[in-house]
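Please keep the sequence and the 3D view at hand while reading.

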Amino acid sequence: MKYLVIGAGGTGGSIGAYMTRAGKDVTLIARGEHLKRIQEQGIKMETKKGSYIVHPVKAADMEHYEGQPNIIFVCVKGYSLEDTIPFIRRVAKTDTIVIPVLNIYGTGGKMQERLQELLVTDGCIYIAGEIKEPGTILLKGEIFRIVYGVRNPKEIRPELFEVAKDLKESGIEGVLSDNIRRDALQKFAYVSPMAACGLYYNVSAGEVQKTGEPRDTFVKLMKEIDALAVAMDVPFLVDIVTTNLQILDALNPEASTSMQRDIYAGKPSEIDGLIYEVVRMGERYGVPTPAYKMIADYARAKGLV
């Protein structure tokens with residue numbers, strides 16, 4: 001199958017590099033100096049197990065890509081999502097499947113409303129990666145898992161099983177979920193509390209790995225999303241606190257969230273979907289979210305929108 005990955009940051013760049021290295025037909029959509037470096041020198045992957053270069057890597061910007069992919073992974077930030085819609089309409093075939101793996105919960109359903117002629121799944125990704133410099137992706141953890149699935153079981157298609165096979169052959173754990181609302185919320189129950197906690201205390205993973213107030217707040221935030229999952233009728237099948245603390249404690253202590261990095265750099269961020277939206281969800285489902293409200297109030301006082 002032909003794959004297109006929109007976004008070549010820590011998420012999309014890693015997918016593109018791993019799948020290219022495994023001989024899959026994949027093209028990255030990137031821009032600027034990062035795109036130029038990938039086209040000229042490939043992608044350098046710096047991982048906990050060592051560094052290597054994947055070259056050549058097929059890459060283009062939206063304007064110059066002329067392919068028709070079977071599968072489109074959408075790996076942009078939530079605030080850039082709108083820019084992908086007309087591009088997807090231009091390049092997709094009638095049977096193209098779109099798999100968004102953003103940090104924001106419910107992205108697939110929102111995209112499906114805009115792309116009614118296509119199948120848009122929901123999805124999420126477990127990875128700690130970022131662009132170190134143009135053409136170089138730094139992975140700060142060993143976990144690399146993509147979870148995806150249809151919201152309506154009647155929409156399941158054979159290609160979705162083939163995606164899982166291709167991901168596995170590329171060294172990526174691909175999970176075709178039978179309850180993507182639950183499983184995507186489970187991922188959100190890690191990334192959202194981590195982003196909120198990191199922002200509020202201005203810390204990286206190392207400080208949350210230690211016993212203390214940041215870790216205690218991280219636990220409180222996870223418990224609030226756990227309560228939301230019950231209210232939404234998608235209760236988690238695991239102890240979310242234990243599970244996510246294990247993920248956190250396996251990270252490089254220097255790891256931080258993309259939301260933190262964007263805010264510190266003065267860039268647009270996903271704060272609305274990662275923090276403010278949880279407060280709105282709590283109001284919608286009648287679930288108290290005092291820890292999230294504390295951090296949302298802090299962020300608003302800082303003028304973060």
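The model is a predicted one. Its largest pocket holds about 1400 Å³ of space, and the structure has zero disulfides.

**Helix α8**

- Helix α8 runs over residues 213-231, and its end C-alpha atoms lie 27 Å apart. This agrees with expectation, because 19 residues at 1.5 Å a residue should span 27 Å.
- The buried residues of α8 are P214, R215, T217, F218, V219, L221, M222, E224, I225, L228 and A229.
- In an α-helix there are 3.6 residues a turn, so residues three or four places apart point the same way.
- The partners against which the buried residues of α8 pack are α6 (180-201), α7 (205-209), α9 (240-249), α11 (271-285) and α12 (290-301).
- Just after α8 comes D233, which adopts a positive phi of about 65 degrees.

**The largest pocket**

- The space in the largest pocket amounts to about 1400 Å³.
- Its lining comprises 49 residues, and those nearest the centre are G9, G10, C75, K77 and S258.
- Two or more lining residues come from each of α3 (81-91), β9 (122-126), β10 (129-133), α6 and α10 (258-264).
- By class, the lining of the largest pocket contains 26 nonpolar, 13 polar and ten charged residues.

**The second largest pocket**

- Helices α4 (107-114), α6 and α11 each contribute at least two residues to the lining of the second largest pocket. The largest share, seven residues, is supplied by α11.
- The lining of the second largest pocket divides into ten nonpolar, six polar and nine charged residues.

**Cysteines**

- A disulfide is a covalent bond between the sulfur atoms of two cysteines.
- The structure contains zero disulfides.
- For C124, the closest cysteine sulfur is that of C75, 12 Å away, which is too far for a bond.
- C124 is buried, because its relative accessible area is 2%, under the 20% cut-off.
- C197 is likewise buried, with a relative accessible area of 0%.

How values were computed: Residues are numbered from 1 along each chain as its sequence is written. This is a predicted model: local features need pLDDT of at least 70, side-chain atom pairs count only at pLDDT 80 or more; totals for chains, interfaces and linings use all residues. Side-chain values use heavy atoms; hydrogens and water are left out. Helices (H or I, at least four residues) and strands (E, at least two) are DSSP runs, numbered from the N terminus. The expected span of a helix is 1.5 Å times one less than its number of residues. Buried means under 20% relative accessible area, exposed over 50%, partly exposed in between (1.4 Å probe, protein chains only). Contact means heavy atoms within 4.5 Å. On a 1 Å grid over the protein atoms alone, a cavity is a set of points where a 1.4 Å probe fits but cannot get out, and a pocket is an open set with protein on both sides within 12 Å along at least five of seven lines; lining residues have an atom within 4 Å of a point. Grid points are joined across faces, edges and corners, and a volume is the space filled by probe spheres set on the points. Ala, Val, Leu, Ile, Met, Phe, Trp, Tyr, Cys and Pro count as nonpolar, Asp, Glu, Lys and Arg as charged, and the others, Gly among them, as polar. A disulfide is a pair of cysteine sulfur atoms within 2.5 Å.
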